[in-house]
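Reader: Please take a close look at one part of this model for me, the contact between its chains, and start from how each chain is built. I'd be glad to have the cut-offs spelled out as you go.

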Amino acid sequence: MPPLPEATGSRAEEIEREVVRLYGEFAEGMFRYAFVLLANREAAQDALQEAFLRYFMARSGNRSIERPRAWLFRVLRNYLLDQLKASSQRKEVDLAQMRNYPDMRQDPESEFRLEQIVRSLRELLSPRELECFRLRAEGLRYEEIAEVLEVRPGTVGALLARAQKKLRQSSVKPGASGNEQAGYPVPESECPYAS
Amino acid sequence: MHPDTATLLAYRDRQLSAVAQREIQLHIAGCARCSAALERLSKEWEHILAEDAAFRRLCAPPRDGLDRVLSAIRERGRAASSTESELKQKIVEQLEVYFGSRIWAVLGGGPASEQGTDLLAKAEPLLTTFIGRRAAAAVVAEIHKGADPRACLDAGVM
């Protein structure tokens with residue numbers, strides 16, 4: 001029997017370079033989108049990793065991807081929805097296990113602020129509006145957002161208009177209190193400084 | 001008729017068709033109310049994006065994020081390559097049971113230049129000619145399952 005050759009891997013290397021380029025362009029925005037939905041850094045990073053892994057696999061299978069940004073965000077979203085569904089099915093948390101987790105937060109103050117921002121955004125906007133706003137803020141075009149959310153481009157416009165209106169109505173006014181200075185408003189009930 | 005807020009936002013974002021973009025542009029040029037609304041919407045959006053900067057600053061992927069992605073890709077690649085290599089080895093062995101090592105000259109290419117699944121796809125018509133469609137399909141299925149296709153003989157498929 002003839003000896004079997006080693007795979008050259010040049011195609012894989014080419015796709016890997018593609019992944020590196022796309023990661024540089026889109027990873028930050030994808031991470032923020034994932035974080036807003038999951039509110040967990042590690043889970044957001046896992047989701048990001050999975051999206052790029054799936055991209056690599058799709059391209060390895062000679063699949064042509066015309067709009068990589070929309071494709072990556074769509075795959076990411078599908079993964080995130082699966083994760084959210086799975087976590088909602090997990091009714092109980094093993095507290096003993098949780099106590100063994102180290103606190104991975106580098107800067108608790110920043111993390112606290114970040115959590116506040118995400119929480120206030122989630123309270124202010126509907127899930128669809130929140131996703132739409134986040135995708136637009138990350139620079140996706142209406143057509144791309146429509147592809148990611150699987151809606152019509154007209155719906156994207158309506159969702160964005162509603163999101164902007166809600167954000168405007170609760171936006172920081174000049175001379176607002178110190179609790180509201182950096183970013184989105186903090187609901188009073190959530191504000192740790194509220195008397 | 002005045003455009004609604006969603007249309008004005010889409011106009012501001014240059015997301016309308018060229019024709020619609022031009023129509024709204026003409027309307028705004030002659031409508032002080034819509035022109036003011038557009039200006040207000042644009043300022044609001046700028047303000048919202050400025051506020052979003054705080055979130056963007058705080059929320060970034062880990063520094064080793066790309067390394068983690070590439071590690072995952074390489075690990076998956078190694079696993080796939082190993083599976084493919086095993087499959088190919090098995091296909092070569094099993095096909096030579098039927099046709100001998102000269103089969104590769106008949107098929108063209110051969111183990112040195114083909115993926116395992118491609119080899120099997122090329123060999124299937126030949127198998128069909130010699131042992132019939134049903135038996136060939138059974139042999140191919142057995143190879144995929146990892147079983148010895150000679151078991152097909154015992155099972156009475158051929």
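Author: Happy to. In chain A, 66% of the contacts between residues at least 6 apart in sequence join residues at least 24 apart, where a contact means that two C-beta atoms, placed from the backbone, lie within 7 Å. For chain B, residues 24 or more positions apart account for 44% of the contacts with a separation of 6 or more. This is a predicted model, in which local features need pLDDT of at least 70 and side-chain atom pairs count only at pLDDT 80 or more, while totals for chains, interfaces and linings use all residues. Residues are numbered from 1 along each chain as its sequence is written, with chains lettered from A and ligands numbered from 1 in the order in which they are written.

Chain A has 8 helices and 0 strands, and chain B also comes to 8 helices and 0 strands. Here helices (H or I, at least four residues) and strands (E, at least two) are DSSP runs, numbered from the N terminus. Of the 195 residues of chain A, 34% are buried; in chain B, buried residues make up 22% of 158. A residue is buried if 20 or more other C-beta atoms lie within 10 Å of its own, exposed if 12 or fewer, and partly exposed in between, again with C-beta atoms placed from the backbone.

Now to the contact itself. On each side there are 40 residues: 40 of chain B touch 40 of chain A. The elements of chain B that give two or more residues to its side are α1, α3 (32-58) and α4, and α4(B) has the largest share, 16 residues. By class, the side of chain B has 21 nonpolar, 10 polar and 9 charged residues; Ala, Val, Leu, Ile, Met, Phe, Trp, Tyr, Cys and Pro count as nonpolar, Asp, Glu, Lys and Arg as charged, and the others, Gly among them, as polar.

L66(B) lies in helix α4 (residues 65-99) of chain B. Apart from neighbours within four places in sequence, L66(B) is in contact with V20(A) and Y23(A). L66(B) counts as partly exposed because there are 18 C-beta neighbours inside 10 Å.

From the chain A side, L48(A) touches P61(B) and G65(B), and its partners also include M30(A), A34(A) and L76(A), leaving aside neighbours within four places in sequence. L48(A) is among the buried residues of α2(A). M30(A), A34(A), L48(A), A51(A), L72(A) and L76(A) have the most contacts inside the largest nonpolar core, which has 58 residues. Such a core is a set of buried Ala, Val, Leu, Ile, Met, Phe, Trp, Tyr and Cys residues joined through C-beta atoms within 7 Å.

Elsewhere, the axes of helix α8 (residues 153-169) of chain A and helix α1 (residues 5-12) of chain B come within 8 Å and cross at roughly 100°. Axes are lines fitted to C-alpha atoms, for helices over the stretch in contact, and angles run from 0 to 180 degrees between N-to-C directions. α8(A) and α1(B) are therefore roughly perpendicular; angles of 65 to 115 degrees count as such, under 35 as roughly parallel, over 145 as roughly antiparallel and the rest as oblique. The contact of these helices has 6 nonpolar, 4 polar and no charged residues: G157(A), A158(A), L160(A), A161(A) and Q164(A) meet T5(B), A6(B), T7(B), L9(B) and A10(B).
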